[in-house]
Amino acid sequence: MRDLRLTRREFVKGCGSAAIVGAAGGTLMFADPVDAAVNSYDTVVHLFLRGGLDGLNLVVPTGGADRGFYEEARPSLQIATSGAYGALPLLLANGADTGFGLHPSAGGLRDLWNDGKLAIVHACGMATTVTRSHFDAQLYIDLGTPGKYGSPTGWMTRAWETRPGGTATLPALGVSGTQPAGLMGAVDALTLSSPSDFSLNTTGWNWQRTRSDPGLRGVAETVASLWNGQTGMEITGRRADGALRLIGQQGYAGLPASWPTGTFAQQLWTIAQTIRFDLGLRYATLDLGGWDTHEGQGTAGSGYHYYQNKINELSAALAAFYAELAGTGEMARVTVVVQSEFGRRVRANANGGTDHGYGNPLLVLGGAVNGRRFYGSWPGLNPETLSPTFGDVPVTTDYRRVMSEILIRRMGNANLSQVFPGYTGYAPLGIVQGTDLAPKLEGAPIAASIPSLVAPGTGTAAAADNAATERVVPDWQRRGPVDRMLVRRER
């Protein structure tokens, strides 16, 4: 068997480096790995429940007039108030009944509530925009611009780029098969499905790594030696290789036996480990889909209930994530936000499900959360109250108010106009602990993250970039050249 020797031309033709660059993108810019330690910085984890969570069957009215309105609207979908499949009561710290309970499959979340680490914001959502389109609502939230398209960056990208200071090896992570829109435009974020799958996907597995055979190298090592020049492909190739090495050198382990199984739990486990590696992770995002329950939603009870299983998947994995990081101290600096694009309608439909609605509960959990409390304003379920919003729970708290408080109190970032342009309604609700800063509600418009045309490490553009950030940027974290030629597409 001969050595594996590739020229640059052979590699481009045979291995498809363009595909690697396209998959890796310009976001793979990282420094060398660092030693693991308990992080001294905060991390925000944004969990997007895509499809429109039925919040009324997660946070269930259990008493008063609202219970009657709830039962009338959902004769076959209601969650009982007692019994083996009754709602789990949500009591205040003094034992007072809140008039609400959690779905009986949400035992993990109920335990976090009782421990004072879970807060729930009533009737939360986009207060300035009403849409029942999944695609519009999700994109508005991901971009941080309700009612407006066109931003070249996601809200998490701007949150990191407008930080008051500090650097990180891996500041932002999307655990997904494609780049999350919330991280759009980020040049130092990473997107991966799982650490074990983050590798070159070409040739047989045995040829991808160096083997014990004398004089033989794997494809990964051979490819890395090709990225020596200053062309766009070579620069991006070096960044991609740096990212592959970064992830490969971390001690990612398999899912612990104490955790629930499944893809969602595995994704949370990836985030938990990345926080532990002390790579500077400030923002992480992941999705849990499957909440578009127009028919066959199910309720709670013996046998198969689709919604019951989804709530169990959500609750059990979040509880395991919290317990894992709390056990070693990291959870004190982690805040998890659980959000969906909108809620479901109050009244069940004829297909055993619920249709697209408006206001919805938003969950915040973490070590610095002032939990075991409801926040925001609950409008009630009286049909007369709901008539202006066509029978939907209205939005009484703008979700940006919650996120802004977390940015200010936990992340020390008061640049609200840059993270959420056009938003001016901020006032802290008291959900999380931290220091209040005067919000900067008038700032520069959103700017695209446009890479420099100057080769990395040379010229005035690189010098200006270093001076602006007051840090030395490793070559593989620098922005490479971009071809700005516009090509007209044929119709």
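Predicted model: local features only at pLDDT ≥ 70, side-chain atom pairs only at ≥ 80, totals over all residues.
Helix H12, spanning residues 399–409, is mostly covered, with ten of its eleven residues buried. The buried set comprises Tyr-399, Arg-400, Val-402, Met-403, Ser-404, Glu-405, Ile-406, Leu-407, Ile-408 and Arg-409.

In helix H3 (residues 64–73), the buried residues are Asp-66, Arg-67, Tyr-70 and Ala-73. These residues lie on the same side of H3, because they cover an arc of only 135 degrees around the axis. The element against which the buried residues of H3 pack is strand S2 (59–61).

Four cavities of 30 Å³ or more are present in the structure. The largest cavity has a volume of about 130 Å³. It is lined by 14 residues, and those closest to its centre are Gly-55, Leu-56, Asn-360, Pro-361 and Trp-378. Strands S5 (118–125) and S10 (360–366) each contribute at least two residues to the lining of the largest cavity. By residue class, this lining consists of seven nonpolar, five polar and two charged residues.

The second largest cavity has a volume of about 80 Å³. Its lining is formed by 13 residues, of which Cys-124, Gly-125, Gln-339, Ser-340 and Asn-360 lie nearest the centre. At least two lining residues of the second largest cavity come from each of S5, strand S9 (334–340) and S10. Among these contributors, S10 gives the most, with three residues. The lining of the second largest cavity divides into eight nonpolar, four polar and one charged residue.

Conventions
Residues numbered from 1 in each chain as written. Heavy atoms only, no water. Buried < 20%, exposed > 50% of the residue type's maximum accessible area, 1.4 Å probe, protein only. Helix = DSSP H or I, 4+ residues; strand = E, 2+ residues; numbered from the N terminus. Arc of directions from axis to C-beta. Contact = heavy atoms within 4.5 Å. 1 Å grid on protein atoms, 1.4 Å probe; cavity = no way out; pocket = protein on both sides within 12 Å on 5 of 7 lines; lining within 4 Å. Points joined across faces, edges and corners; volume = space filled by probe spheres on them. Nonpolar A, V, L, I, M, F, W, Y, C, P; charged D, E, K, R; others polar.
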